Amino acid sequence: MFRLFKHYVPHAVVWLALVDFLALLLSAEGAWHIYAHQADFDAGTFGDRLLPVATFAIANSLAMMATGMYGTEALRSMRFATARLLVAVSLGVIFLAVVGFLLPTATLWRANSLYAMVIAIAALLLIRLALTQTAAPEAFRRRVLVLGAGPRAARLQALADQPGSGLTIAGFVAMADVERTMTRAVPREKIANLSDHVVALGAGEVVLALEERRNALPLADLLRVKTTGVHVNDIASFIERETGRVDLATTNPSGLIFSDGFSAGQRISKAGKRVFDILASLLVLVIGLPLMLIAAIAVKLDSKGPVFYRQSRVGMFGEPYDILKIRSMRTDAEAAGKAVWASENDPRITRVGNIIRKLRIDELPQLWCVLKGDMSFVGPRPERPSFVEELEQQLPYYAERHMVKPGLTGWAQINYPYGASVEDARVKLEYDLYYAKNYSPFLDLLILLQTVRVVLWPEGAR
């Protein structure tokens, strides 16, 4: 995997994105020449049209990222990829129209854009067709040898067996007599040379998944494997890289303390994030004001009670603050006075509330909290004090998620459905810790782009 600004991206995805970007550039360039020939004018030099051609490619590349074109299902299903591509092109057209209105010389002419879009759709579909139809199932999978044969090793096998996984477990090595969960594991004493065994299996990485590491690390074996050019990793770091989550079951405090993460508090990053929050929240407030007005009127007509409601949430460093949202539930939703988890098809949600929740319109008033500095655009979802008190007692490292500001959208929100139980909160905590540990402006950009996908396909909204 490539590591871009602390965030891991599969090699196949990076190369595919680069190929797509090149296809978009060539589509815009080809469209320019077609229109020049048709209108009988000199096409000029490439430098003359570099800006509009690059703008076309960048806009559509971002739109493809936003609609999930580089997700597992889009890489394996032609029908899924086609549907997402059409939505991406539509978003690209809208974005280019806005840019063209503000900076007319930065975009292609309308006739050029039309030709470029047609060529781009055909080229991108051909690329996806070649990927889904001609590539062997193992073409983009990495072979991994696991040192260990207990429950931890079984977790890695389950990870590799998930649909869309890019992993193949080349084998297991039982490093101790008590590790016999994986029946196909080879005992270490039957392997004369571990590094030769790794090479023979064609493994590109070795993952250490021992149940007990104290006085049991095979340092000589690991050093020999490392010197042959094969990457060696521990199970916690491996799972974090593959899933985008800090795995609570295999992570220990020392692993977090000595990692290179948790740098979101650096002055430059913090100042840049704050400037972005102010500018972005002001822009979205202006654009979203008509939607909020329409939603407010609909809420008032649909059910009795106030349009807005305030609720206490836990913010950065555990400090409480009040959020402001458009009411989407009945006024007696918590008549007993006790906080209740939201559930799928929650009967307390009103008819209008069901719509504005799926479109995330009820969240827009929280932009005021972003302006005030209580929240950020991107960060962990803020929880209610009563839930936080309960979860801190049941989940390790839960307090660490409050080391960054809560956000309107976040890594957990785009990767996991709305939490409705302690177990859901555990999984979302793993995503939140990954965000806090690996924060960078690049990761924020990915989250913001993927939020578009969640809004368009709100399978996780409640």
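Student: What makes Thr228 partly exposed?

Tutor: In this predicted model, Thr228 has a relative accessible area of 40%. Buried would require under 20% and exposed over 50%, so Thr228 falls in between and counts as partly exposed. Thr228 is found in the loop between α8 and β7. Its C-alpha is 7.2 Å from that of Ser195, although 33 residues separate Thr228 and Ser195 in sequence.

Student: Which elements of the sheet does α8 touch?

Tutor: Helix α8 (residues 219-227) packs on the sheet and touches β3, β6 and β7. The direction of α8 makes about 140° with that of β7.

Student: What is the order of the strands in that sheet, and why are β5 and β7 said to stand at the edges?

Tutor: The sheet is open and has five strands in the order β5-β4-β3-β6-β7, with parallel pairing. β5 (186-187) and β7 (231-234) each have a single partner strand, so one side of each lacks a neighbour in the sheet.

Student: What joins β6 to the strands on its two sides?

Tutor: Four bridges join β3 to β6, and these strands run parallel. β6 and β7 also pair in the parallel sense, over four bridges. Val206 of β6 takes part in both pairings: Val206 is the bridge partner of Leu145 and stands opposite Val232 in β7.

Student: What shows that both faces of β6 are covered?

Tutor: In a regular strand, side chains alternate between the two faces of the sheet. In β6, Glu205 and Val207 lie on one side and Val206 and Leu208 on the other, and all are buried. For the chain as a whole, buried residues make up 47% of the 462 residues.

Student: Why are α2 and α17 called roughly perpendicular?

Tutor: Helix α2 (residues 46-66) and helix α17 (residues 441-456) pack at an angle of about 65°, with axes 7 Å apart. The roughly perpendicular class runs from 65 to 115 degrees, and α2 and α17 are therefore placed in it. Leu62, Met65 and Ala66 of α2 make the contact with Leu446, Leu449, Gln450, Val452 and Arg453 of α17. By class, the contact of α2 with α17 has six nonpolar, one polar and one charged residues.

Student: How many aromatic pairs are found, and why is that of Tyr35 and Tyr115 called tilted?

Tutor: A search of the whole structure finds four aromatic pairs. The ring centres of Tyr35 and Tyr115 are 6.5 Å apart and their planes stand at 50°. Under 30 degrees would be stacked and over 60 edge-to-face, so the pair is tilted. Tyr35 lies in helix α1 (residues 11-39) and Tyr115 in helix α5 (residues 110-134), so the pair ties together parts 80 residues apart in sequence. Tyr35, with a relative accessible area of 23%, is partly exposed; Tyr115, at 24%, is partly exposed as well.

Student: What makes the pair of Trp411 and Tyr434 stacked?

Tutor: Their planes stand at 20°, and planes under 30 degrees apart count as stacked. Their ring centres are 5.7 Å apart. Trp411 lies in helix α15 (residues 411-415) and Tyr434 in helix α16 (residues 422-437), 23 residues apart. Both Trp411 and Tyr434 are buried.

Terms used. Residues numbered from 1 in each chain as written. Predicted model: local features only at pLDDT ≥ 70, side-chain atom pairs only at ≥ 80, totals over all residues. Heavy atoms only, no water. Axes fitted to C-alpha atoms, helices over the stretch in contact; angles between N-to-C directions. Parallel < 35°, antiparallel > 145°, perpendicular 65-115°, else oblique. Contact = heavy atoms within 4.5 Å. Nonpolar A, V, L, I, M, F, W, Y, C, P; charged D, E, K, R; others polar. Pairing = 2+ DSSP bridges. Phe/Tyr/Trp six-rings, centres within 6.5 Å; stacked < 30°, edge-to-face > 60°. Buried < 20%, exposed > 50% of the residue type's maximum accessible area, 1.4 Å probe, protein only.
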